[in-house]
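Please look over the sequence and the model below before reading on.

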Amino acid sequence: MDKLHVGIPLFLSIIRNFLYSGRTFLKSEEDLKYKFMFVNNIAVLTILITFLIGFIRYNQNNFVIAAVDFSFSLFGILLLYLLRKRTDMIEEISSSLLFLAYILFTVLLVYSDHNTRLETYFLLIASAFFTKGVRIGFYWLFTVVVTVSIIHYGGFIETNYSNFAIFSFFIYLMIMLSIFNLYEKIKIAQSQNLLNLNADLENLVKQRTEELEATNNELTKEKLVLQRLSSKDALTGLFNRFKLEESFEYEQKQSNRYKTDLSIIMMDLDDFKSVNDSYGHNIGDIFLKEIAEILKTSFRDVDTVGRWGGEEFLILLPKTTLEDSKKIAEEVRKKIELYKFAEIGNKTASFGVATHSNNESLSSLLNRADKALYMAKENGKNRVEVA
């Protein structure tokens, strides 16, 4: 069993080397590969058989035809050697082999008395059709018809064929021409069908790709909307608590790594409950939106401004000292105090400011800021207090 497993691949390798002569072909060289295989294999077999027959004829003292056989074998071997060295010359080499075969078969027709010598032309014509196409194949067929007609009907040489046999030979050639012509048309039609199928497949793939891209774009838009909704407060458009906590984790790491300040401002609207009680929740919502617009325009892009909940707001100030944070909070307090809000007029807010200590948690920092805010409320509201 082991010998069989070794023997089969070895045998296949020998066959493959015989077919390709040890040459490898790229995928784009499919047509060249099959033409190379055909020329190589037919030429090798023809040369081998011709040499053996020539050797037999030499022993039979048929020196003229034997010399032609040996000459064909020699020139054929030279052309095959050239084919292995110059695959790019396959057209010229195949034409040369066809011409050698034509000379050989014509000599056989003139000098041999074998009854099947006329049929050797079929090999020539079939090879011409396969390697050169229908048009060149027809030229070779026409050449054979003219050659046989001159030799047989010229009266110079006795072919030992009857006129009916020659006529039948011509009929068979015409049938061969029709078969090859039909084969060529079928091959062209199949190639066209394949091209059409490929075009349809490409269009279908393109259509599906466009649909997938459109779907992906929609999903991306939905994803962005969801991300925005998940990080933004629906009423004010400011960041929500989730985003504030996430931003604090990032800013805390930056602060610890680069030894920079990180401060927060906690802001609470004064007497917000009275706004809802006196004017209704719709006016209260408008009030919150106006507060959000003031906050958006009062801080840097690197600051994170968010609604912590209800009427309470939280601002993260990276790389900002406690003193600077207090000044910023004071400026915002004045803006709110001087702003005329829709329906309700002037309102105020209280502020608690705290600065992050190394590795301090958000809850601890918020607790200190909240205590400062409570102090601001206790001391009369509309104030800024620091932790």
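Asn 359 counts as exposed because its relative accessible area is 57%, where exposed means over 50%, buried means under 20% and partly exposed lies in between, computed with a 1.4 Å probe on protein chains only. This is a predicted model, in which local features need pLDDT of at least 70 and side-chain atom pairs count only at pLDDT 80 or more, while totals for chains, interfaces and linings use all residues. Residues are numbered from 1 along each chain as its sequence is written, and side-chain values use heavy atoms, with hydrogens and water left out.

Asn 359 sits in the loop between strand S4 and helix H11 (362–378), where helices (H or I, at least four residues) and strands (E, at least two) are DSSP runs numbered from the N terminus. Lys 259 lies in the loop between helix H7 (241–258) and S1, and Lys 259 is exposed as well, with a relative accessible area of 67%. Most residues other than glycine have a negative phi.

| Residue | Phi | Relative accessible area |
|---|---|---|
| Lys 259 | near 60° | 67% |
| Asn 359 | near 65° | 57% |

What is the order of the strands in the open sheet? Its five strands are arranged as S2-S3-S1-S4-S5, with mixed pairing, and two strands pair if DSSP finds at least two bridges between them. Strand S2 (304–309) and strand S5 (384–386) are the edge strands, each pairing on one side only. From one strand to the next the twist averages 20°. Strand S1 (residues 262–269) and strand S3 (residues 312–318) run antiparallel and are joined by seven bridges, and Leu 262 stands opposite Pro 318 in S3.

Helix H9 (residues 281–296) packs on the sheet and touches S1, S2 and S3, with a direction that makes about 155° with that of S1; contact here means heavy atoms within 4.5 Å. Axes are lines fitted to C-alpha atoms, for helices over the stretch in contact, and angles run from 0 to 180 degrees between N-to-C directions. Helix H10 (residues 322–338) lies across S1, S3, strand S4 (349–355) and S5, and runs at about 170° to S4.

Helix H8 (residues 272–279) packs with H9 at an angle of about 140°, and their axes are 7 Å apart. H8 is therefore oblique to H9, since angles under 35 degrees count as roughly parallel, over 145 as roughly antiparallel, 65 to 115 as roughly perpendicular and the rest as oblique. On the H8 side the contact includes Phe 272 and Tyr 279, and on the H9 side it includes Phe 287 and Leu 288.
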